[in-house]
Amino acid sequence: VPCLMIMAAYSLWSLKQMLIRGGMKSLGIIFAILIILFILVNRNFSYFSFLNSRSVAFSNLGSVYFNEGQYQNAEKEFLKAIEVNPKNINAHRNLATAYSRMNLYDKALQEYQKALSLDKANYEIHFSIGNIYQNQGQYDLAIQEYEETLALNPKHEGAYQNLGNIYYHLGQMEKAKEYFEKAIAINMENDTAYNNLGSVYFHLGQVDKAMSCYQKAIALNARNANAHSNLGNMYFYKGQLENAIAQYKMALSIDPRHPDAHGNLGNVYSRQGRIQEATGEWEKALAINPANKAVYDNLLKAKQKLKTTPSQ
């Protein structure tokens, strides 16, 4: 800074001497150059930068509303951000996510497509579009988006896991196994992938491998209710009823509204002849998931049996 001060002082003295000698033309050229340099150096303070900052502010406020679950207020702020700066890719993505939370999937897809037009190589946008298609049951389109995600980012753990879920749902167990294993190869601590891989092994008739996967999932995350419930199923399958009960109760201690754990606990009680306790668990399961026909049939048979059982 001291050196610059000396140079600046000399420059001012030189300008004064030039003015005394009447060098107005030279001064005009110098000031024109200075103005151009000033604009270039301070271009971040331009009007367009101001608009971009304003757009970011609206988008950030929308994110606050979104995190508080106020999705309609979030929508308004994201729309303001886009109005100020239509190229604000984060505002488009955030608006799409808000629409997804409001189950407005068509609008969400439109916003994701707009964001994708601004950044065609953004694999997270493809992944988000895939999630919408998967939730809507449009599995072919979801698979396309997840594969596009992996083409852009071959180590995208979520894309592998979701592809595994789709192929599991479609009954293509070998493919599901392949994708769950790829997700685990990327993240050895993915307890959800281990749990899902266990379900694949069970459907392939490899019960011991299924149990090992469920136990691994629980070792990684002791609060994985699904893994506890599924491990209970393995014990039930092997006839180890007390171990099965312990796992179902563990799942319910983590998630009291776990329908499968209630339903399967009822199955164990029924096997043990504890019909009254079984009906209680099945009723809880149906209160959470009324569409479970197997549980409904079991409950109906149990109630009929209780009516025909002589009182003690």
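**Helix H10 and the chain around it**

**View 1. Helix H10 has the length its residue count calls for.** Take residues 173-186, the 14 residues of H10: at 1.5 Å a residue they should span 20 Å, and the end C-alpha atoms do sit 20 Å apart, so expectation and model agree. Keep in mind that this is a predicted model.

**View 2. H10 has a buried set of residues.** Which residues of H10 are buried? They are Met173, Ala176, Lys177, Tyr179, Phe180, Ala183 and Ile184. Lys177 is on that list too, along with Tyr179 and Phe180.

View 3. If you're picking side chains to display here, Met173 and Ile184 are among the buried ones of H10.

**View 4. Zooming out, the chain is built with helices and zero strands.** How far does the chain reach along its principal axes? Its C-alpha atoms fill a box of roughly 125 × 40 × 40 Å. The radius of gyration is 32 Å, whereas a compact globule of 312 residues would come in near 20 Å. Looking at contacts with a separation of 6 or more, 42% of them join residues 24 or more positions apart.

**View 5. The surface and the charges of the chain.** Buried residues make up 38% of the 312 in the chain. The chain exposes about 18,600 Å², and 56% of that comes from carbon and sulfur atoms. As for charge, there are 31 positive and 26 negative ones, and their mean positions lie 6 Å apart.

Key: Residues numbered from 1 in each chain as written. Predicted model: local features only at pLDDT ≥ 70, side-chain atom pairs only at ≥ 80, totals over all residues. Heavy atoms only, no water. Helix = DSSP H or I, 4+ residues; strand = E, 2+ residues; numbered from the N terminus. Rg over C-alpha atoms; globule rule 2.2 N^0.38 Å. Buried < 20%, exposed > 50% of the residue type's maximum accessible area, 1.4 Å probe, protein only. Contact = heavy atoms within 4.5 Å. Areas by Shrake-Rupley, 256 points an atom, 1.4 Å probe, with all protein chains shown as cover. Lys, Arg positive; Asp, Glu negative; His and termini not counted. Charge placed at Lys NZ, Arg CZ, Asp CG, Glu CD. Expected span 1.5 Å × (residues − 1).
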